[in-house]
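Hi,

Here is the model I promised to pass on.

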Amino acid sequence: MVYASIHSLLRPRYRYAASKRSEALKLLSRLVEVGASDPQVALILLRLCASYCKLIHLARATPPSLVSEALQLFDVEVRQCFAQSIAVEVTDRAWQQAQLNLSHGGLGLRSVSHHSSAAYIASFCASSFGDAQNPHLSHTVDLFNKLVSSSEVISVDAVTTSPVHQRVMSKKLEDHQFSLLLEASSPADKAQLLSVSAPHAASWLLVTPPGHDLQLDLMNCKFPSNGG
């Protein structure tokens, strides 16, 4: 009876998460159409308007344990959109790199499920309603600590006493992601990753496409190879 009561209270949150994901999917489907004619524009729109940013508010406002399924499914759908937009098969390793930020040699297609713990902790502790005894906070701190290096683990007391910004916590996650990917790479892949993560190496990804009139845009067949 108690379980049924709790489940009935949580059901609206599951439905809300599913509805937000459904809304975001509409834009992803349109980006695939854009990618058919201009994958460079599709990637910019995907990174800035249609991926991580669409569900990060949900991740900040809701414990990961309640929305993890919706966020993980959305990450899969972002990957599918990316692959279809550039018309290239995306391997698991390539996708791991694509999810890194530009300074780490990625494409900035950050995983909202991977960063949900950082988002929730930062938001929770910045709120005047933050309570160190909240079980959701303790669970999320444990989740975050599994995703960072041993030197970057945090405690509930630390984050409630001195709240940290989400960007700081997300950087810890991405630093560890980068280290794991680099460690698991072949010599050739390691050289490539170090090269594209060098200062200013990704600056070209931030440039607004100049348009066809100037004839400076990348040919569709060349853009995927430059990006990967």
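Leu137 is part of helix 7, which covers residues 135–145; helices here are DSSP runs of H or I with at least four residues, strands are E runs of at least two, and both are numbered from the N terminus. With a relative accessibility of 0%, Leu137 is buried (under 20% relative accessible area is buried, over 50% exposed and anything in between partly exposed, using a 1.4 Å probe and protein chains only). Its C-alpha atom lies 9.9 Å from that of Val159, a residue 22 positions away along the chain.

Before I go on, a word on the source: this is a predicted model, so local features need pLDDT of at least 70 and side-chain atom pairs count only at pLDDT 80 or more, while totals for chains, interfaces and linings use all residues. Residues are numbered from 1 along each chain as its sequence is written, and side-chain values use heavy atoms, with hydrogens and water left out.

Now the overall picture. The protein chain has 11 helices and 0 strands. Of its 228 residues, 39% are buried. Taking contacts (heavy atoms within 4.5 Å) with a separation of 6 or more, 67% are between residues 24 or more positions apart.

On to the rings. There are 2 aromatic pairs, where rings of Phe, Tyr and Trp (its six-membered ring) pair if their centres lie within 6.5 Å, and planes under 30 degrees apart are stacked, over 60 edge-to-face and the rest tilted. Phe82 and Trp95 make a tilted pair, with 5.9 Å between centres and 35 degrees between planes. That pair links distant parts of the chain, since Phe82 belongs to helix 4 and Trp95 to helix 5 (residues 92–98), 13 residues apart. Phe82 is buried at 7% relative accessible area, and Trp95 is buried at 7% too. Tyr120 and Phe124 also pair: their ring centres are 5.6 Å apart and their planes meet at 45 degrees, so this pair is tilted. Both sit in helix 6 (residues 116–126), 4 residues apart, or about one turn of the helix. Tyr120 and Phe124 are both buried.

A cavity is a set of points, on a 1 Å grid over the protein atoms alone, where a 1.4 Å probe fits but cannot get out, and lining residues have an atom within 4 Å of a point. The largest cavity holds about 50 Å³, a volume being the space filled by probe spheres set on the points, which are joined across faces, edges and corners. Its lining includes Tyr52, Phe74, Trp95, Gln99 and Arg110. Helix 4 (residues 64–86) gives the largest share of that lining, 3 residues. By class, the lining has 6 nonpolar, 3 polar and 2 charged residues (Ala, Val, Leu, Ile, Met, Phe, Trp, Tyr, Cys and Pro are nonpolar, Asp, Glu, Lys and Arg charged, and the others, Gly among them, polar).

Lastly, the loops. Ala87, in the loop between helix 4 and helix 5, has a positive phi near 55 degrees despite not being glycine. Ala87 is exposed, at 68% relative accessible area. His200 has a positive phi as well, near 70 degrees, and is in the loop between helix 10 (187–196) and helix 11 (223–227). At 70% relative accessibility, His200 is exposed.

Cheers

Terms used: On a 1 Å grid over the protein atoms alone, a cavity is a set of points where a 1.4 Å probe fits but cannot get out, and a pocket is an open set with protein on both sides within 12 Å along at least five of seven lines; lining residues have an atom within 4 Å of a point.
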